[in-house]
Amino acid sequence: MAFDNLADFLDRLEESGELHRVSVEVDPRNEIGAICRKLNITKGPAVLFEKVKGSKMPLVSQLLATNRRLALALDCDERNLFGDALKRSANLIPPRLVDRGPCQEVVKYGRQVDLNEFPLVTNNPDDGGRYLTAGHVILKDPELGYNLAIYRMMCRSRNEVNLRFIPSHHGWAFLKKAEERGRSALPVAVALGVDPAIYIASQFEPRIGANELEIAGALRNKAVDMVKCKTIDLEVPANTSIVIEGFCPPPPDNKIDEGPMMEFTDYSGTATVAIPYMEVTAITMRRQPVFHTTMSGNSEEHRVGCIWSFFGYEQMALTLIKKQFHHVTGIGIMAGSHGFHAVVSLKKTYEGEDRQVLNYLLSTQYFKYVTVVDDDVDPHNSEQVEWAKACRAGRTPDDFVVFPRLPTWEMDPEIDKHWQVTKLGILATRAIDEKYEVPTPDRNVMERMRPIYEKCVAR
Ligand SMILES: Cc1cc2nc3c(=O)[nH]c(=O)nc-3n(C[C@H](O)[C@H](O)[C@H](O)COP(=O)(O)O)c2cc1C
Ligand SMILES: [Mn+2]
């Protein structure tokens, strides 16, 4: 069953015992963060904070922080969550324009616009300000097309808020395009409190210009209804709880200081830097809006965000490498490595093939560690990978390859000022002529012992 809006999904969570209501007043500065940090560790429920200090709006957090809730959101089997969702995401369904939508039941322009009416959170005491953490940023460009993604937003004033575009994500390219065109500003629409398929689709990383709202349609098996914005040339999902409309001003004066804020790596990342901001021209919302926020750090943000991206990276890296190296049999990104460690399995056909694969993958910006294993090792199974590292690497120094500096992505806390980091490759493979079979007891004896063995396990 597809959910048309956030409220229907909250009802479903409540029926399933996956939503907890907090009726005592909590402070969005630090208190909500403190509760959510714990809930992430214990895999607790989603929470609806009914009374948030300083705001009239209820706030939901931890919405998709567990695989159980991701499976409820997509109405699929938790055991095959990622496979199912990926398969479904291929049948793109374009959004559909409608005349009106609940997200514009209340409309505020000009002096009525005040971001302070929202329960903006400071999750960690070190965060540089009050944030909108789960704004779904919608962009349109005459050449590039559409984009939907979550970028964190630090509130600057009643009508100014930062947008954290980074070079490896598409919003950055949309802004650059607008800047290249001279003084044209970039229109921005931010949807807050969307149905869960849109939330999940915002985390897919298809090619630039591919509209993630078509993926949302695919995940729901139903087009997303869109309405035209009131003050800018953009469309937003009609059933959204809250919409913020505005634009990024053109250069030169289009950046203001932002940060620090906890990254998904559990590091605060860059300190305060000047980044783009948006000027708000209108706020529209439902009569009874629910504000959506996420905990930062290794939390819901990582669960709902990176897991999808990493799953995509696996597919992408596999497609890329298979074009060159036909004998690659699989790629797995190691759980817990935050996307930094890729393991590749290879049916080696000539000496040096494993080294070629290793060099190739380490040169991409994604991976800091690459381990190559033989095709009898499952690259998704960390115990098997550790076994291969223990037993099939180190015969010669060549098995360990260090690249002293290579460009990488900006989320690595160890990068230097040129965004470079030292990378490590491990060849945990056998020589080509080295046969290997797991030593096992004599087959006949095993057969004779089978009745006794079966009694042991039938206990
Ligand atoms: C809660 C949350 C906060 C995020 N914050 C940012 C951010 O500030 N900047 C960013 O570039 N990506 C951020 N992401 C990740 C992007 O939304 C995600 O990688 C997206 O797929 C990028 O899409 P794009 O390639 O179309 O830009 C965040 C993800 C989540 C779930
Ligand atoms: Mn995109």
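Author: Pro252 lies in the loop that links strand E14 (242-248) to strand E15 (255-258); strands (E, at least two residues) and helices (H or I, at least four residues) are DSSP runs, numbered from the N terminus. The model is predicted, so local features need pLDDT of at least 70 and side-chain atom pairs count only at pLDDT 80 or more, while totals for chains, interfaces and linings use all residues. Residues are numbered from 1 along each chain as its sequence is written, chains are lettered from A and ligands numbered from 1 in the order in which they are written.

Pro251 and Pro252 are joined by a cis peptide bond with omega about 10°. A further cis bond runs from Gly259 to Pro260, with omega near -5°. Pro260 sits in the loop between E15 and strand E16 (273-285). As background, most peptide bonds are trans, and most residues other than glycine have a negative phi.

Asn221, although not a glycine, has a positive phi of about 55°. Asn221 belongs to the loop between helix H7 (212-220) and E12. With 13 other C-beta atoms within 10 Å, Asn221 is partly exposed; on this scale a residue is buried if 20 or more other C-beta atoms lie within 10 Å of its own, exposed if 12 or fewer, and partly exposed in between, with C-beta atoms placed from the backbone.

Ala223 is also in the loop between H7 and E12. Ala223 has 17 other C-beta atoms within 10 Å and is therefore partly exposed. Pro95 is 128 residues from Ala223 in sequence, yet their C-alpha atoms are 5.0 Å apart. Leaving aside neighbours within four places in sequence, the contacts of Ala223 are Ile93, Pro94, Pro95, Arg96 and Gly217; a contact means that two C-beta atoms, placed from the backbone, lie within 7 Å.

One of the bridge pairs is Lys228 with Glu235 in E13.

Apart from neighbours within four places in sequence, Val243 contacts Cys103, Ala189, Val190, Ala191, Val236, Thr284 and Met285.

The buried residues of helix H3 (residues 67-74) are Arg69, Leu70, Leu72, Ala73 and Leu74. Their cover includes H7, together with helix H1 (6-15), E2, helix H4 (81-89) and helix H6 (196-201). Directly after H3 comes Asp75, with a positive phi near 55°.

Asn30 is a further case of positive phi, about 75°, in a residue that is not a glycine. Asn30 is placed in the loop between E1 and H2. With 15 other C-beta atoms within 10 Å, Asn30 is partly exposed. Strands E1 (residues 19-22) and E2 (residues 46-49) run parallel and are joined by four bridges. The chain passes from E1 through H2 (residues 31-42) to E2 in a right-handed β-α-β crossover: with the strands pointing away from the viewer, the path from the first strand over the helix to the second runs clockwise.

On the scale of the chain, the domain assignment gives domain 1 (69-293) and domain 2 (306-428); the bounds come from an automatic or database assignment. Their C-alpha centres lie 32 Å apart.

Key. Pairing = 2+ DSSP bridges.
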